[in-house]
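Biologist: I have a model open on my screen and would like to learn how to read it. Could you walk me through a few features?

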Amino acid sequence: MISPGACGRIRDARPASPVPPPATAPTVERILSVNGSFQIAGQKIQVGKIHARKLVTVALDEHTVTVYDADTPIAAVPRRSTTDLNRTRAKHQITIPAQAQEPRLRA
């Protein structure tokens with residue numbers, strides 16, 4: 001053990017860095033397919049047709065994949081792949097079904 005007085009004489013000594021904050025799970029956005037499924041980190045996850053074509057947020061933990069729809073958890077699935085994330089944002093546009101579109105007026 002080194003005495004406190006001897007610590008000041010150690011060559012190239014620096015104070016210790018602060019403790020880093022705990023790592024948070026990466027969150028990504030995905031648009032569900034027409035069948036209510038998506039793929040993340042090489043793993044295909046089925047959420048359900050009721051959530052088809054929605055923009056969801058996915059939290060990727062070490063052992064689970066949790067799917068959120070506007071801060072409401074939809075599903076928690078065990079993670080089966082060890083692949084890293086490639087994309088963090090949703091890639092395609094969300095399309096509105098023809099029934100929900102407003103009728104266009106011709107001039």
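Modeller: Gladly! Let's begin with exposure: a residue is buried under 20% relative accessible area, exposed over 50%, and partly exposed in between. Keep in mind that this is a predicted model.

Biologist: Is P78 buried, partly exposed or exposed?

Modeller: P78 has a relative accessible area of 40%, so P78 is partly exposed. You will find P78 in strand β6 (residues 72-78).

Biologist: Which residues is P78 in contact with, leaving aside its neighbours within four places in sequence?

Modeller: Those partners are Q43, H63 and T64. As for E62, its C-alpha atom is separated from that of P78 by 9.3 Å, and the two residues are 16 apart along the chain.

Biologist: Now to charges. How many salt bridges are there?

Modeller: Side chains of opposite charge can pair when their charged atoms come close. Here the count is one salt bridge: K54 meets D69 through their side chains, at 3.3 Å from N to O. The pair links distant parts of the chain, with K54 in the loop between β3 (43-46) and β4 (55-60) and D69 in strand β5 (residues 64-69).

Biologist: Why does K54 count as partly exposed?

Modeller: Because its relative accessibility is 30%. D69, at 22%, counts as partly exposed too.

Biologist: And what makes up the largest nonpolar core?

Modeller: That core has 12 residues in all, including F38, V47, V56 and V67. Its largest share, three residues, comes from β4. Beyond four places in sequence, V67 touches several residues, among them F38, V47 and V56.

Note on methods
Residues are numbered from 1 along each chain as its sequence is written. This is a predicted model: local features need pLDDT of at least 70, side-chain atom pairs count only at pLDDT 80 or more; totals for chains, interfaces and linings use all residues. Side-chain values use heavy atoms; hydrogens and water are left out. A salt bridge is a side-chain nitrogen of Lys or Arg within 4 Å of a carboxyl oxygen of Asp or Glu. Helices (H or I, at least four residues) and strands (E, at least two) are DSSP runs, numbered from the N terminus. Buried means under 20% relative accessible area, exposed over 50%, partly exposed in between (1.4 Å probe, protein chains only). Contact means heavy atoms within 4.5 Å. A nonpolar core is a set of buried Ala, Val, Leu, Ile, Met, Phe, Trp, Tyr and Cys residues joined through side-chain atoms within 4.5 Å.
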